[in-house]
Amino acid sequence: MLKVWGRNNSTNVKKVLWCLEELGLSYERTDAGGQYSDLSSPEYRALNPNGLIPCLQDDNFILWESNTIVRYLAAQYGENALYLADAQVRASAEKWMDWASTSVVEPFKAVFIGLVRTAPERQDKAKIAQGIKQLNTLMAIADAALSQQNFLSGDKFGIGDIPLGCLAYAWFNLAIERPELPHLQRWYYDLTQRAAFKKVIDIGLS
């Protein structure tokens, strides 16, 4: 049985859950982090010394870092689904995973934490506005790519779509000004029609 530690409203945990659901794998999830448990406990640090979520256990194999977990699950269990055998096609998809984590996450956090997890009287309006501006520029990059292909992973949905898809859910549901990005909107609509997305991503913002 696959085991996942992490609360279901964490963007990084959602990546893993989405991948598991797409692959039709059975798993147990234990709430961890936030209000649920202390990630600095010796028991959890034995699993993930960083004290972060998510963490995956596959029999005796322990793995952390959400993008790496998604890659592992696709390679281990998704040969006929999410795994891309061609190295160049796979790298082209995976670059969007790393781009979402290295380029998009920081401005996303400024906006999401600022608007959703911060009381109105404590919100840094300037920081939020700057984050929205940066996000709009970055989402335009994805929009341009999606004008040439159906998904960030290529012709078909794949692991390259999962990280940005998790962030896009919040971006499209926050009460913010967004530019018209028709290719990104079409891609996002396609994601929302997937059963796995409906189950683990479309659960509200919190």
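The structure is a predicted model, and its sheet is an open one of 4 strands, arranged in the order β2-β1-β3-β4 with mixed pairing.

- The strands at the two edges are β2 (27–30) and β4 (61–64), each of which pairs on one side only.
- On average, and with direction ignored, neighbouring strands of this sheet are turned by 20° against each other.
- Strands of a sheet pair through backbone hydrogen bonds, and this pairing can be either parallel or antiparallel.
- Strand β3 (residues 55–58) and β4 run antiparallel, and 4 bridges join them.
- Among the residues bridged between these strands, L56 has L63 of β4 as its partner, while D58 is partnered by F61 of β4.

**The hairpin and positive phi values**

- β3 and β4 form a hairpin that has 2 residues between the strands, and D59, which sits in the turn, has a positive phi of about 55°.
- D59 counts as exposed because its relative accessible area is 54%, and the cut-off for exposed is over 50%.
- Most residues other than glycine have a negative phi, and most peptide bonds are trans.
- E65 also has a positive phi although it is a residue other than glycine, with a value near 85°.
- E65 is found in the loop between β4 and α3, and its relative accessibility of 45% places E65 in the partly exposed class.

- N67 belongs to helix α3, and N67 is buried because its relative accessible area is 8%, where buried means under 20%.
- When residues up to four places away in sequence are not counted, N67 touches K15, M97, D98, S101 and P163.

**Helix α1 against helix α6**

- α1 and helix α6 (residues 162–173) pack at an angle of about 125°, and their axes are 9 Å apart.
- That angle makes α1 oblique to α6, and the crossing of the two helices is right-handed.
- On the α1 side the contact is made by T11, K14, K15, W18 and C19, and on the α6 side by I162, P163, G165, C166, L167 and Y169.
- Sorted by class, this contact of α1 with α6 has 7 nonpolar, 2 polar and 2 charged residues.
- K15 of α1 and P163 of α6, which take part in this contact, are also among the residues that N67 touches.

**Helix α5 against helix α6**

- Helix α5 (residues 125–146) and α6 pack at an angle of about 130°, with 13 Å between their axes.
- The angle makes α5 oblique to α6, and α5 passes α6 in a left-handed crossing.
- In this contact L135, N136, M139 and A142 of α5 meet L164, A168 and W171 of α6.
- The residues of the contact of α5 with α6 divide into 6 nonpolar, 1 polar and no charged.

- Once the neighbours of L52 within four places in sequence are left aside, L52 is in contact with L39 and Y44.
- The C-alpha atoms of L52 and N12 are separated by 9.8 Å, although these residues are 40 residues apart along the chain.

Terms used: Residues are numbered from 1 along each chain as its sequence is written. This is a predicted model: local features need pLDDT of at least 70, side-chain atom pairs count only at pLDDT 80 or more; totals for chains, interfaces and linings use all residues. Side-chain values use heavy atoms; hydrogens and water are left out. Two strands pair if DSSP finds at least two bridges between them. Axes are lines fitted to C-alpha atoms, for helices over the stretch in contact, and angles run from 0 to 180 degrees between N-to-C directions. Buried means under 20% relative accessible area, exposed over 50%, partly exposed in between (1.4 Å probe, protein chains only). Contact means heavy atoms within 4.5 Å. Angles under 35 degrees count as roughly parallel, over 145 as roughly antiparallel, 65 to 115 as roughly perpendicular and the rest as oblique. A crossing is left-handed if the near helix is turned anticlockwise from the far one by less than a right angle, and right-handed if clockwise. Ala, Val, Leu, Ile, Met, Phe, Trp, Tyr, Cys and Pro count as nonpolar, Asp, Glu, Lys and Arg as charged, and the others, Gly among them, as polar.
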